[in-house]
Amino acid sequence: MTIKLITSFVLAFLFATAFGKYYIPWLRAQKAGQEIKSQVEWHKSKSGTPTMGGVIFILAVTFVCLTVGFDGMLHGQFVHIFVLLFALVFGAIGFLDDWEKLKKKQNLGLTARMKFLLQLAAALVFVLLMRQIGYVRPNLYIPFSHRIIAMPEWLYFVFAAFVIVGTVNAVNITDGVDGLASGTSIPVCLFFVTISMAWGEKFLELGIFASGLLGGLMGFLVYNFNPAKCFMGDTGSLFLGGAIAALAFAYDMPLVLISLGLVFIIETLSDIIQVTYFKLTHGKRVFKMAPFHHHLEMGGWTGKKWSEKELFVLFTGISLAMAIISFIGVYQRFA
């Protein structure tokens with residue numbers, strides 16, 4: 001099992017680094033550059049940087065699932081393919097959004113309503129499918145307490161849709177600084193790989209997917225670290241959010257996302273708080289700018305202006321610490 005997980009990581013990393021070497025120049029030749037929000041003036045120099053770079057790690061993890069994961073398929077194990085297909089649906093929604101932005105030459109793609117409806121439909125179909133084939137149950141496992149709470153089926157589906165759509169958009173919001181979404185997601189993938197090793201062969205296929213995504217992200221980070229040669233775009237961030245949400249449900253422990261995805265939650269809450277407070281007070285702000293990483297870039301409440309590399313280290317460090325804490329909270333479940 002360990003050999004397959006290591007192989008998945010290595011193959012995905014090599015695939016991503018090799019593919020990116022040719023894919024990014026091709027994106028430049030196609031003039032697939034991202035427009036920067038006018039509010040983020042200090043990022044204006046990045047305007048025109050190739051977007052849709054998430055295709056790099058998407059293809060890397062797909063390659064791993066179809067090669068290293070092929071033996072599992074021969075034995076009737078398809079859970080990693082279901083997770084991949086689900087994430088690909090979200091990646092396709094992100095691609096449509098990126099495509100609209102490129103066509104319009106501005107940082108506005110699909111409408112918020114359209115994206116929400118597409119994501120909600122994808123989430124409900126995934127949960128229904130996983131329920132039908134027995135990978136999820138209408139029960140909630142509580143990390144750290146090791147208790148299980150039974151839920152009415154309809155309520156579980158509502159909860160699942162909320163968590164999935166929320167996770168996808170939280171990862172998307174975090175993708176606002178070079179390498180930030182990649183860096184914060186790497187410890188999350190490492191958590192799922194480690195939990196697969198701890199829980200044994202039953203979770204091998206999910207571990208292959210998580211390990212492939214881990215390798216793909218690290219290979220992508222070669223090009224996405226500051227100064228970024230390409231951005232993952234909504235194609236990448238929505239795929240990534242979909243993959244993380246799907247893994248949490250496939251392992252039958254969605255509530256672990258509260259601790260595991262703390263960085264994503266902070267980013268999302270900062271956005272919600274800012275918008276709500278702005279409307280209630282007719283123009284006042286809690287943060288200098290939302291989401292939270294922009295607040296820190298602008299000097300936060302202390303006056304220290306965090307650089308992109310410092311933000312990467314801070315957020316990735318917090319994510320790693322929360323991945324370790326999350327592992328402690330759940331590893332005894334099937335160990």
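**Salt bridges around one aspartate**

I began with arginine 333, which is buried because its relative accessible area is 17%; buried means under 20%, exposed over 50% and partly exposed in between, with a 1.4 Å probe and protein chains only. I kept in mind that this is a predicted model, in which local features need pLDDT of at least 70, side-chain atom pairs count only at pLDDT 80 or more, and totals for chains, interfaces and linings use all residues. Residues are numbered from 1 along each chain as its sequence is written, and side-chain values use heavy atoms, with hydrogens and water left out.

I then looked up salt bridges (a side-chain nitrogen of Lys or Arg within 4 Å of a carboxyl oxygen of Asp or Glu), and the search of the whole structure returned six. One of them joins arginine 333 to aspartate 252 at 3.6 Å, N to O. Arginine 333 lies in the segment after H13 and aspartate 252 in the loop between H9 and H10, so this pair ties together parts 81 residues apart in sequence; helices here are DSSP runs of H or I with at least four residues, strands are runs of E with at least two, and both are numbered from the N terminus.

Aspartate 252 also forms a salt bridge with arginine 137, where the closest N and O atoms are 2.7 Å apart. That pair links distant parts of the chain, 115 residues apart, with arginine 137 in the loop between helix H5 (112-132) and S1. Aspartate 252 is buried at a relative accessible area of 7%, whereas arginine 137 is partly exposed at 36%.

Aspartate 252 follows H9 and has a positive phi, near 60 degrees. H9 is mostly covered, with 18 of its 18 residues buried. H13 has 23 residues and reaches 33 Å from its first C-alpha to its last, close to the 33 Å expected.

**Glutamine 274**

Where is glutamine 274 found? I located glutamine 274 in helix H11, and at a relative accessible area of 9% glutamine 274 is buried. A polar atom of its side chain lies 3.1 Å from the backbone nitrogen of valine 286.

Definitions and conventions:
A polar contact is a pair of N or O atoms within 3.5 Å; within protein, one must be able to donate a hydrogen and the other to accept it, and residues adjacent in sequence count only if both atoms are side-chain atoms. The expected span of a helix is 1.5 Å times one less than its number of residues.
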